[in-house]
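Subject: Structure for you to look at

Hello,

Please find the structure below. My notes on it follow.

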Amino acid sequence: MQPHPVLAEHYPDGAGKRAFLTSLFDKGAPFYDTACRIGFFGTGLQYRQMALKRAGLRKGMKLLDVATGTGLVARAASNILGGADDITCVDPSPGMLAEARKNLSCTMLEGVADDLPVQDAGFDFLSMGYALRHVASLKQAFSEYHRALKPGGKLMILEVSKPASALGMIIAKAYFGGCVPAAARLLTGSPDAGKMMSYYWETIEQCVAPSLIIESLEKAGFLRVKRMARMGIFSEYTAEKA
Ligand SMILES: C[S@@+](CC[C@H](N)C(=O)[O-])C[C@H]1O[C@@H](n2cnc3c(N)ncnc32)[C@H](O)[C@@H]1O
């Protein structure tokens, strides 16, 4: 199952999506942290750290951070783990990985969630922040997450989900689809930053329902699959490998 349908105004098919995303995030990488600070009022790192703690990340665990981007989740994790020695980051965008390397010294691998460049059962915890919409197939990505985790390993996926109510939708669309891209473009001076943030909302709007994400995780073999939604839109999916 795809996380959202093909967005024909951006790319023609699955292969086109991959190339489009790498270019989008390569160009947007230098502005990503600023755009996040604008969009989330500077709360991004603290929120990710609290979510990792809630999901059970503890000192001594080996962490795989998929879709690491500039390393916001990995940086939050390093505060909990007391360093980055046990962190491995994966992302397909060389531009994002270059930004991540400025912030964090750990293993960084170029690759996608659907085909992780890591050994079987090597990690205690797998995180993915705000990137589930970009995988080619939920089934394939979740099967890879299951493969990469040790028995008993924990999974945490952070996402922004569409609000359930019509009013919530109007507010979220105006904010994430209008204000955030415009502010990102103005304050960074980069049209690429605006484009990256506007695509962010488009994919949230088109994304499959949380219930289908939960079902897909269960089908991949995960146990205790849960979704906690803060303010109705900040989703934290957690699960465990048997
Ligand atoms: C919005 S950023 C998220 C960065 C970071 N995880 C965070 O919490 O802010 C999305 C990232 O997903 C990456 N990405 C795109 N397609 C991907 C895929 N198929 N597998 C893994 N990562 C992907 C992009 O290169 C980009 O760095």
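Are α7 and α8 roughly parallel or roughly antiparallel to each other? This is a predicted model, in which local features need pLDDT of at least 70 and side-chain atom pairs count only at pLDDT 80 or more, while totals for chains, interfaces and linings use all residues. Residues are numbered from 1 along each chain as its sequence is written.

The axes of helix α7 (residues 166-188) and helix α8 (residues 191-206) come within 7 Å and cross at roughly 165 degrees. Helices here are DSSP runs (H or I, at least four residues), as are strands (E, at least two), numbered from the N terminus. Axes are lines fitted to C-alpha atoms, for helices over the stretch in contact, and angles run from 0 to 180 degrees between N-to-C directions. α7 and α8 are therefore roughly antiparallel to each other. Angles over 145 degrees count as roughly antiparallel, under 35 as roughly parallel, 65 to 115 as roughly perpendicular and the rest as oblique.

Residues of α7 that meet α8 include Phe 176, Val 180 and Arg 185, and among their partners in α8 are Met 197, Tyr 200 and Trp 201. Contact means that the C-beta atoms of two residues, placed from the backbone, lie within 7 Å. The residues of this contact divide into 11 nonpolar, four polar and one charged. Nonpolar covers Ala, Val, Leu, Ile, Met, Phe, Trp, Tyr, Cys and Pro; charged covers Asp, Glu, Lys and Arg; the others, Gly among them, are polar.

Helix α6 (residues 138-148) and helix α9 (residues 210-219) have axes that come within 9 Å and cross at roughly 45 degrees. That makes α6 oblique to α9. Leu 138, Lys 139 and Phe 142 of α6 make the contact with Ile 213, Ser 216 and Leu 217 of α9. By class, these are four nonpolar, one polar and one charged.

Among the buried residues of α6 are Leu 138, Phe 142 and Tyr 145. A residue is buried if 20 or more other C-beta atoms lie within 10 Å of its own, exposed if 12 or fewer, and partly exposed in between. The buried residues of α6 pack against β1 (63-66), β4 (123-129), β5 (149-160) and α9.

Gly 168 is found in helix α7. With 14 C-beta neighbours inside 10 Å, Gly 168 counts as partly exposed. Setting aside neighbours within four places in sequence, Gly 168 is in contact with Pro 163 and Gly 232. The C-alpha atoms of Gly 168 and Gly 232 are 8.7 Å apart, although 64 residues separate the two along the chain.

Regards
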